[in-house]
Amino acid sequence: MTCTYYPEGMFPAAQQASALTGEQLRKAYAEGTILEGIARSATAEHDLIVDLGGRTGIIPREETAIGIADGSVRDIAILSRVGKPVCFRIAADNASGRPALRLSRREAQQEALNHLLYETPTGTILPAVVTHLDRFGAFCDIGCGNVSLLSIEHISVSRISHSRERFSEGQHIFAAIESRDLSLGRLSLTHKELLGTWQENARLFSVGETVVGVVRSVKDYGVFIELTPNLSGLAEYRSDLQPGDRVSVFIKAIIPERQKVKLIVIRTLPREKALMPIRYFRESGSVSNWRYAGEPSYV
């Protein structure tokens, strides 16, 4: 699938309103093209003022987002867009000759949401932008400011206690549509399938290597250490380790038939704010019949 409804902040140059000429803006209006610009400010009435590069656009409050008019979305959602990219469609026939263009973010959002709900198959992989992190998951913009939940159990095979252990707000990621609720107009996302199977991740490592890992859980029978978001190994119990610790580990054994990696902790390392890098084995297409325990099975 070719993505046409990008998350805000990921629109291509051809859809950046600040770079378009007056003639190009008129064409965008005539064709209903969805554009993106930076919300420069919000008025006392909570209209958004958008920089169009030499011209000004106004998104009236009731057109700033789906749900603003009926109160299901709070005005803080409008104010929080100031200084950030917003998508919109030129909404009125003042595309030429007037100092300000009337824009609608709501129309762009509704078109994108309809496409995602009714035309995009389950399993489709989409670009996404992380907008908010919580203990139960990450909220992600998957198109024109439409936000869906990526629940914590679908983030990675390796267990984490909070989504901030994997993502940061504003991070560009990929996710797949896990399910949808047409009655509520909502989609749910999944992520772990894009991070590879046990076999794919295990092939990144060799016996005898020493690498950096993150302690994810400490049990009386051993310590589980994450090597990648979808691969952990087991080291002997150590009382001085706790979840979140960074450690250097020696890879003692990789046992494919038992899907086990045996590790020896060399030393603890200073904790860093930087997150463990995410490696995607799939960034487009769709996911179907994925089994962590088997060889890759994608479509």
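Predicted model: local features only at pLDDT ≥ 70, side-chain atom pairs only at ≥ 80, totals over all residues.
Strands E14 and E15 pair in the antiparallel sense, with nine bridges between them. Within the pairing, Ser248 has Arg267 of E15 as its opposite residue. E14 spans residues 246–255 and E15 spans 260–269, and the hairpin they form has four residues between the strands.

Gln259 lies in the loop between E14 and E15, and its phi is near 50 degrees, a positive value in a residue other than glycine. Most residues other than glycine have a negative phi. The relative accessibility of Gln259 is 28%, so this residue counts as partly exposed.

Strand E11, residues 210–219, pairs with E14 in the antiparallel sense over five bridges. In that pairing, Thr210 stands opposite Phe250 of E14.

Asn289, which lies in the segment after E15, has a phi of about 55 degrees although it is not a glycine. Asn289 is exposed, with a relative accessible area of 63%.

A further set of strands forms a barrel. Five strands close into it in the order E6-E7-E8-E10-E9, and their pairing is mixed. On average, neighbouring strands of this sheet are turned by 50 degrees against each other, direction ignored. One of the pairings joins E8, residues 147–151, to E10, residues 186–190; these two strands run parallel and are joined by two bridges. Here Leu150 stands opposite Leu189 in E10.

Attention now turns from the strands to charged side chains. Side chains of opposite charge can pair when their charged atoms come close. The structure holds twelve salt bridges, and three of them are described here.

Arg81 and Glu8 meet through their side chains in a salt bridge, with an N to O distance of 3.4 Å. This pair links distant parts of the chain, 73 residues apart: Arg81 is in the loop between helix H2 (76–79) and strand E4 (85–90), while Glu8 is in the segment before helix H1 (22–31). Arg81 and Glu8 are both buried.

Another salt bridge is formed by Glu111 with Arg89, where the closest N and O atoms are 2.1 Å apart. Glu111 belongs to helix H3 (residues 105–118) and Arg89 to strand E4, so the pair ties together parts that are 22 residues apart in sequence. Are these two partners buried or exposed? Glu111 is partly exposed, its relative accessible area being 28%. Arg89 has a relative accessibility of 13% and therefore counts as buried.

A further salt bridge brings together the side chains of Glu226 and Arg166, at 2.8 Å from N to O. Glu226 is in strand E12 (residues 222–228) and Arg166 in the loop between E8 and strand E9 (172–181), so that distant parts of the chain, 60 residues apart, are linked. Which residues belong to the network that includes this pair? Salt bridges with shared partners join Glu165, Arg166, Arg216 and Glu226 into one network. Both Glu226 and Arg166 are buried.

The chain as a whole provides the setting for these details. There are four helices and 15 strands in the protein chain. Its C-alpha atoms fill a box of roughly 70 × 40 × 35 Å, taken along the principal axes. Of the 299 residues, 45% count as buried. Among contacts between residues at least 6 apart in sequence, 63% join residues at least 24 apart. The accessible surface of the protein chain amounts to about 14700 Å², and 50% of this belongs to carbon and sulfur atoms.

Key:
Residues numbered from 1 in each chain as written. Heavy atoms only, no water. Pairing = 2+ DSSP bridges. Axes fitted to C-alpha atoms, helices over the stretch in contact; angles between N-to-C directions. Buried < 20%, exposed > 50% of the residue type's maximum accessible area, 1.4 Å probe, protein only. Salt bridge = Lys/Arg side-chain N within 4 Å of Asp/Glu carboxyl O. Contact = heavy atoms within 4.5 Å. Areas by Shrake-Rupley, 256 points an atom, 1.4 Å probe, with all protein chains shown as cover.
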